[in-house]
Amino acid sequence: MSAELDELYQSIILDHNRRPKNFREMEDATAKADGVNPLCGDQLTVWLKMDGDQIADVSFRGQGCAISKASASMMTQVVKGKSRTDAEQLFTDVHALVTGKPTGADVGSLKALSGVSKFPLRVKCASLAWHAMHSALQGSAAPVSTEAEGPGSAS
Amino acid sequence: MNRPTVGVRSASAAPAGFVADHGALAPRADFPLLAAQPRLHYLDSAATTQKPASVLAAIQRYYETENANPHRGAYALSAVATEAYHAARVRIAKFLGASDAETLIFTRGTTEALNLVASTWGRANVKAGDRIVVTRLEHHANFVPWQELAHAVGAEFVIAELGANGTLDMEAFAAAVTPKTKIVAFGHASNALGTVNPVADIVAIAKRVGALTVCDGAQSAPHMDVGVDSLDVDAYAFSGHKMLGPMGIGGLVMRREILEATQPYQLGGDMIAHVGDQHTTWNVLPHKFEAGTPNVEGPVGLAAACDYLTSLGMERVIAHERTLAALAMEKLAAIPGVSVLGPEIAHRGGVVSFTLKGVHPHDLSQLLDGDGVCVRAGHHCAQPLMRALGVHATTRASFYVYNDGADVVALAESVARAKEKLASD
């Protein structure tokens with residue numbers, strides 16, 4: 001296997017895929033949003049429980065590839081307890097990371113997603129949950145689609 | 001990689017592995033892209049095929065020696081371009097087994113051909129309370145246009161369900177085709193599962209109630225001796241790029257009396273007989289349905305592709321694909337966790353769709369790509385079918401004339417390696 005594929009599917013990604021964190025519905029959520037990736041028909045839902053401006057709890061469920069599932073799982077770990085502004089900033093930083101434009105910001109364990117930048121078609125997978133979280137924070141009711149993201153599309 | 005060229009199938013009749021050295025039907029050297037990438041295992045021909053040098057040369061030759069706007073100029077070069085366009089139509093119709101070449105309408109491909117039927121004949125003839133029947137196997141291109149037509153006119157949209165192994169339940173199909181049914185739209189062969197439908201049975205049932213029969217031939221024209229006349233369908237749609245031709249060309253073969261009684265699809269140049277200040281009359285077939293300057297390089301290239309396929313022999317093409325598909329089904333099924341979807345080989349073409357337990361098809365295809373194995377992952381533009389199968393996506397390998405046993409072996413080995421890396425413990 002190529003080094004680039006090894007970097008994409010590093011063990012932390014595979015672990016999150018096998019045993020995703022916060023992989024559950026949330027009954028007392030204050031916001032939720034659905035995300036779909038038309039490329040592969042993947043879909044997931046992100047739930048948020050806001051405490052004022054803080055993300056008190058976050059969870060997700062859905063169908064997806066290892067990259068989208070691991071990214072969602074890591075996202076729930078990282079944004080829990082963060083403020084709305086910090087969570088949005090993380091989304092911006094992660095998006096820059098997976099599109100190969102790292103800002104130098106410290107994204108901690110999310111660095112494991114950097115391998116995505118060598119595979120432009122997988123940017124949609126890595127950012128699906130983040131788009132959904134962003135949408136939930138905005139209080140948008142419409143499902144988000146990754147179609148506007150990166151090259152390539154479904155048929 | 002040690003790749004056999006035009007190989008000879010082993011005479012041994014051993015049940016397993018005897019076709020692993022099965023050679024390609026078409027020399028890889030005929031395909032510039034494949035020749036330049038000897039380690040590529042291109043197994044996505046159901047999506048689009050690679051192009052032989054003769055097709056590329058025909059397009060180049062057209063532009064270098066024959067190019068002008070057909071049907072327009074009085075000058076000799078325009079007549080040459082017109083003749084090139086006409087000759088290509090005749091050649092392609094002959095390949096498809098359509099005796100009346102003027103009933104072959106060129107379109108961008110199958111999708112546009114099906115939309116043409118839905119938006120012209122469909123809009124004019126399907127009324128509120130009527131019924132449109134499709135099958136669970138359909139590609140979105142032969143599903144969504146009919147679904148939308150039904151919504152627009154208030155007709156009932158009915159999906160004929162599957163029986164065992166991804167084949168159509170013919171009893172359920174017959175029951176679905178009521179006297180109210182105006183259109184029966186079905187694929188000749190499924191792009192997602194490879195299932196080849198029993199066209200004669202479907203047409204017989206549809207004819208009992210006088211429904212228009214629309215056959216999506218995107219996955220049959222490239223692979224078998226179709227014989228459109230003998231199918232006895234009212235409309236047959238196909239795509240050139242799936243049969244060694246260029247992208248952006250395909251067509252619709254439709255019964256002459258229906259085309260003549262149907263309003264045109266698009267309006268503009270070339271499709272008119274006379275334009276008055278208030279009223280316009282239509283040109284004869286096929287021009288009535290081909291508004292604007294046509295795509296000439298497309299038919300010219302596709303005609304060369306038809307020549308190439310004819311030289312191989314369509315009976316040998318389908319036999320070759322089935323040999324490789326059968327080998328793939330056997331080798332994949334031997335990997336624990338792999339489920340091969342769809343019917344037994346007798347009811348399918350060269351398409352093998354499968355799932356691997358605990359591994360998402362998108363990840364699997366990414367790892368396969370790392371081994372130079374190109375397969376399709378996803379819903380294959382057949383979400384209604386995926387729902388019925390209870391899967392979100394599958395991985396699909398599809399075989400064509402340039403594939404050989406080594407491609408199948410590479411596929412199976414790569415799937416086994418990917419499983420080691422990705423599968424849950």
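A crossing of two helices is termed left-handed if the near helix is turned anticlockwise from the far one by less than a right angle, and right-handed if the turn is clockwise. In the predicted model described here, the crossing of helix 4 of chain A and helix 5 of chain A is left-handed. The residues that form this contact on helix 4 of chain A are Arg84(A), Ala87(A), Glu88(A), Phe91(A), Val94(A), His95(A) and Val98(A), and those on helix 5 of chain A are Val123(A), Ala126(A), Ser127(A), Trp130(A), Met133(A), His134(A) and Leu137(A). Sorted by class, the contact of helix 4 of chain A with helix 5 of chain A holds 9 nonpolar, 3 polar and 2 charged residues. Helix 4 of chain A spans residues 84–98 and helix 5 of chain A spans residues 123–138; the two pack at an angle of about 160°, and their axes are 10 Å apart. Because angles over 145 degrees count as roughly antiparallel, helix 4 of chain A is classed as roughly antiparallel to helix 5 of chain A.

Helix 5 of chain A also packs against helix 3 of chain A, residues 66–79, at an angle of about 40° and with the axes 6 Å apart. Helix 3 of chain A is therefore oblique to helix 5 of chain A. The crossing of helix 3 of chain A and helix 5 of chain A is right-handed. Helix 3 of chain A contributes Ile67(A), Ser68(A), Ser71(A), Ala72(A), Met75(A) and Val79(A) to the contact, while helix 5 of chain A contributes Cys125(A), Ala126(A), Leu128(A), Ala129(A), Trp130(A) and Met133(A). The contact of helix 3 of chain A with helix 5 of chain A comprises 10 nonpolar and 2 polar residues, with no charged residues.

Chain A as a whole contains 5 helices and 4 strands. Read from the N terminus, its elements follow the order α-α-β-β-β-α-α-α-β. Chain A has 155 residues, of which 45% count as buried. Of the contacts in chain A with a separation of 6 or more, 63% are between residues 24 or more positions apart.

Chain B has 14 helices and 15 strands. Of its 425 residues, 52% are buried. A compact globule with 425 residues would have a radius of gyration near 22 Å, and the value for chain B, 22 Å, agrees with this. Taken along the principal axes, the box filled by the C-alpha atoms of chain B is roughly 75 × 55 × 35 Å. Among contacts in chain B between residues at least 6 apart in sequence, those that join residues at least 24 apart make up 70%.

Within chain B, helix 4 (residues 110–125) and helix 5 (residues 144–153) pack at an angle of about 20°, with their axes 9 Å apart. These two helices of chain B are therefore roughly parallel to each other. The crossing of helix 4 of chain B and helix 5 of chain B is right-handed. On helix 4 of chain B the contact involves Leu114(B), Asn115(B), Ala118(B), Gly122(B) and Arg123(B), and on helix 5 of chain B it involves Pro145(B), Trp146(B) and Leu149(B). By class, the contact of helix 4 of chain B with helix 5 of chain B includes 5 nonpolar, 2 polar and 1 charged residues.

Two individual residues of chain B were also examined. Thr65(B) lies in helix 2 of chain B, residues 53–65. Thr65(B) counts as exposed because it has 11 C-beta neighbours inside 10 Å. Val80(B) is 15 residues from Thr65(B) along the chain, and the C-alpha atoms of the two are separated by 9.1 Å. Arg256(B) belongs to helix 9 of chain B, residues 256–261. Arg256(B) likewise counts as exposed, with 11 C-beta neighbours inside 10 Å. Leaving aside residues up to four places away in sequence, Arg256(B) touches Asp100(B), Thr103(B) and Leu285(B). The C-alpha atoms of Arg256(B) and Leu104(B) are 9.4 Å apart in space, and the two residues are 152 residues apart in sequence.

Between the chains, 16 residues of chain B are in contact with 16 residues of chain A. On the side of chain B that touches chain A, the elements that give two or more residues are helix 12 (361–370), strand 14 (376–378), helix 13 (383–389) and helix 14 (405–422) of chain B. Helix 12 of chain B provides the largest share of that side, 4 residues. By class, the side of chain B that touches chain A consists of 6 nonpolar, 8 polar and 2 charged residues.

Notes
Residues are numbered from 1 along each chain as its sequence is written. Chains are lettered from A and ligands numbered from 1 in the order in which they are written. This is a predicted model: local features need pLDDT of at least 70, side-chain atom pairs count only at pLDDT 80 or more; totals for chains, interfaces and linings use all residues. Axes are lines fitted to C-alpha atoms, for helices over the stretch in contact, and angles run from 0 to 180 degrees between N-to-C directions. Angles under 35 degrees count as roughly parallel, over 145 as roughly antiparallel, 65 to 115 as roughly perpendicular and the rest as oblique. Two residues are in contact if their C-beta atoms, placed from the backbone, lie within 7 Å. Ala, Val, Leu, Ile, Met, Phe, Trp, Tyr, Cys and Pro count as nonpolar, Asp, Glu, Lys and Arg as charged, and the others, Gly among them, as polar. The radius of gyration is taken over C-alpha atoms; the globule rule is 2.2 Å times the number of residues to the power 0.38. A residue is buried if 20 or more other C-beta atoms lie within 10 Å of its own, exposed if 12 or fewer, and partly exposed in between; C-beta atoms are placed from the backbone.
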